[in-house]
Amino acid sequence: MHTVIENLRDEFRRVADEKFKEASQRYFKEAVEVYGIRSAQVTELSKRYYEEVKGLSKSEIFDLCEELWQSGIMEESFVACNWSYRQKKQYKPEDFSLFKGWVERYVTNWAACDTLCNHNIGDVIMKYPEFLNNLIEMTQSDNRWVKRASAVSLIIPAKRGLFKAEIFTIADRLLLDKDDMVQKGYGWMLKALSHNHLDEVFDFVMNRRSTMPRTALRYAIEKMPEEYKKEAMKKV
């Protein structure tokens, strides 16, 4: 184990709050392993300890991130996402496979999924859009978090109005998925796209609202004008 990880873990254990640890579980349907540390404090510690490793190569930092992921503890996964995202200027095409592998091997809850996908994978996709087809393929996975990742990796690009065609393709492929984590993921993606393509997202929803799960529909229309929402929510 690298000394910096050992020291970081010691500090996590020292500042952990047992009451917050117990309260954290209410946000997840599945059991999660946490120290019990608030996000702002995790971010501060992540930044402080990064100072000790920032001189390492990208591959060495990614190796440390892998070690953090392997613990299965949520706060450590957040540090892994943060440290690996700090390498974004050095991202190469092969990093898509690395990050996708982290989703497949280590992600077990929505918080870890969204933190990794919104930033790390989303940034790789914007830099190397040829991997959009890989995201589309991920919709067919048996892993709920891989399927959610196929959608939430496009949240930031969607807010910028990018990749509209691929977003609609992913939403169509996930449309009838019975998993609420997947439904919320692609609904969120559509909501983000509606910032710049309101009428097209509305038409997409209206054309599918008879089969689209209500959870996904509500997420997709959340930021739409009131008259749009009323129309979309009418009984079919």
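Contact here means heavy atoms within 4.5 Å, and the model shown in these close-ups is a predicted one.

View 1. Let us start with helix 1, which runs over residues 3-15 and has 13 residues. From its first C-alpha to its last it reaches 19 Å, close to the 18 Å expected at 1.5 Å a residue. Its buried residues are V4, I5, L8, R9, E11, F12 and V15. These sit on the same side of helix 1, because they cover an arc of only 160 degrees around the axis.

**View 2. The packing partners of helix 1.** Which helices do the buried residues of helix 1 pack against? They pack against helix 3 (39-50), helix 4 (58-70) and helix 5 (74-85).

**View 3. The largest nonpolar core.** In soluble globular proteins, nonpolar side chains tend to be buried together. Here the largest nonpolar core has 83 residues, and those with the most contacts inside it are W83, Y186 and L190. Helix 7 (residues 110-127) gives the most to this core, with eight residues.

**View 4. The surroundings of Y186.** Here is a closer look at Y186, one of the residues with the most contacts inside the largest nonpolar core. Not counting residues up to four places away in sequence, Y186 touches A151, A171, L174 and L175, along with M212, P213 and A216.

**View 5. The largest pocket.** About 280 Å³ of space lies in the largest pocket. The pocket is lined by 15 residues, and the closest to its centre are F20, S24, S39, M74 and F78. Helix 2 (18-24), helix 3, helix 5 and helix 7 are the elements that give two or more residues to the lining. Which helix gives the most to the lining of this pocket? That is helix 5, with three residues.

**View 6. I155 in helix 10.** Our last stop is I155, found in helix 10 (residues 155-159). Is I155 buried or exposed? It has 2% relative accessibility and therefore counts as buried, the cut-off for buried being under 20%. Leaving aside neighbours within four places in sequence, I155 is in contact with N118, W188, M189 and A192. I155 and C117 are 38 residues apart in sequence, and their C-alpha atoms are 8.7 Å apart in space.

Conventions: Residues are numbered from 1 along each chain as its sequence is written. This is a predicted model: local features need pLDDT of at least 70, side-chain atom pairs count only at pLDDT 80 or more; totals for chains, interfaces and linings use all residues. Side-chain values use heavy atoms; hydrogens and water are left out. Helices (H or I, at least four residues) and strands (E, at least two) are DSSP runs, numbered from the N terminus. The expected span of a helix is 1.5 Å times one less than its number of residues. Buried means under 20% relative accessible area, exposed over 50%, partly exposed in between (1.4 Å probe, protein chains only). The arc is that of the directions from the helix axis to the C-beta atoms. A nonpolar core is a set of buried Ala, Val, Leu, Ile, Met, Phe, Trp, Tyr and Cys residues joined through side-chain atoms within 4.5 Å. On a 1 Å grid over the protein atoms alone, a cavity is a set of points where a 1.4 Å probe fits but cannot get out, and a pocket is an open set with protein on both sides within 12 Å along at least five of seven lines; lining residues have an atom within 4 Å of a point. Grid points are joined across faces, edges and corners, and a volume is the space filled by probe spheres set on the points.
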